[in-house]
Amino acid sequence: MLMFAVIIVVSGALTVGALWGLYGQLPNWLEGNLLALAGGALMISVVFELLQPAVIDSGVLIAGAFTLLGALVFSGVDYLIDEKLNAEGGTGLLAAITLDGVPENLALGVSLLSGNVMQVAALAGSILLSNLPEAAGGAKEMRKNGNSNKKVLMLWIGAAVLLSLAAILGKVFLKNVDDAIISAINCFAAGAVIASLATEVFPTAFKRGNHWAGISASIGLVLALALNQLGG
């Protein structure tokens, strides 16, 4: 029951975010600051929920190697999308969410195995905060680029389904997997998330929210830190 509740909340945020972007009326500065807040929250989640356990289980060298691999894969694909395929109008954010979301949701599925409800809530909450404004901004840009509301919504729903499947696979098929493999998946996810924050999330947040985005990111970080402390 917890698994499906988490999956619905986190992946459903993409659909809700897309609807918000297509039909909502929030000003750009507010969307930018919400995106920055989400990015700040994800920074804490990446460190405490993904990297720190991996370092304890597998050591700094292994954790660092797979983190760099995740960042390299994300950055490489993101480069191809932006520079070679000339993806514009929100497609970059859709790609970013999908690319970092698959390993991220695999990691979320793995975290469900621990039975620590607050730990799961901390990671799920951070992903939720990130997905909602990212999807809203991406959907809005895609519509401005000439795509129909129906096409945009279907793309984001497809991404939500894909990420839900990733979380389910993480929960079901990684149940008896060695801790070293789980650590590698978590670190790969962390690297992809860090790269997406640097190339997609924070640049977009600054563009829309200006210098207030820095303050919002700090607020998100503090909120996620508080949630993490509640989880012990």
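Trainee: What order do the elements run in from the N terminus on?

Mentor: They go α-α-α-α-α-α-α-α. Keep in mind that this is a predicted model.

Trainee: How many helices and strands is that?

Mentor: Eight helices and zero strands.

Trainee: What share of the contacts with a separation of 6 or more comes from residues 24 or more positions apart?

Mentor: Such pairs account for 86% of those contacts in the protein.

Trainee: Ok, and how much of the protein is buried?

Mentor: Of the 232 residues, 48% are buried.

Trainee: Let's go inside. Which residues touch the most other members in the largest nonpolar core?

Mentor: Val6, Val10, Val46, Leu50, Leu108 and Ile127, out of 29 residues in that core. Helices H1 (2-23), H2, H4 (91-111), H5, H7 (179-209) and H8 each put in at least two residues.

Trainee: New topic, then: holes. How many cavities of 30 Å³ or more does the structure hold?

Mentor: Two. The second largest cavity has about 30 Å³ of space.

Trainee: Which residues line the second largest cavity?

Mentor: Ile44, Ser45, Phe48, Glu49, Ala122, Ser126, Ala224 and Asn228. The elements giving two or more residues to that lining are helix H2 (28-58), helix H5 (117-144) and helix H8 (212-230).

Trainee: Which of the elements gives the largest share of that lining?

Mentor: H2 does, with four residues.

Trainee: And how does the lining split by class?

Mentor: Four residues are nonpolar, three are polar and one is charged.

Trainee: Is serine 45 buried or exposed, and why do you say that?

Mentor: Serine 45 counts as buried because its relative accessible area is 3%, and the cut-off for buried is under 20%.

Trainee: What does serine 45 touch, then?

Mentor: Not counting residues up to four places away in sequence, serine 45 touches Leu50, Ala122, Leu123 and Ser126. Ala122 and Ser126 also turn up in the lining of the second largest cavity, along with Ser45.

Note on methods
Residues are numbered from 1 along each chain as its sequence is written. This is a predicted model: local features need pLDDT of at least 70, side-chain atom pairs count only at pLDDT 80 or more; totals for chains, interfaces and linings use all residues. Side-chain values use heavy atoms; hydrogens and water are left out. On a 1 Å grid over the protein atoms alone, a cavity is a set of points where a 1.4 Å probe fits but cannot get out, and a pocket is an open set with protein on both sides within 12 Å along at least five of seven lines; lining residues have an atom within 4 Å of a point. Grid points are joined across faces, edges and corners, and a volume is the space filled by probe spheres set on the points. Ala, Val, Leu, Ile, Met, Phe, Trp, Tyr, Cys and Pro count as nonpolar, Asp, Glu, Lys and Arg as charged, and the others, Gly among them, as polar. A nonpolar core is a set of buried Ala, Val, Leu, Ile, Met, Phe, Trp, Tyr and Cys residues joined through side-chain atoms within 4.5 Å. Buried means under 20% relative accessible area, exposed over 50%, partly exposed in between (1.4 Å probe, protein chains only). Contact means heavy atoms within 4.5 Å.
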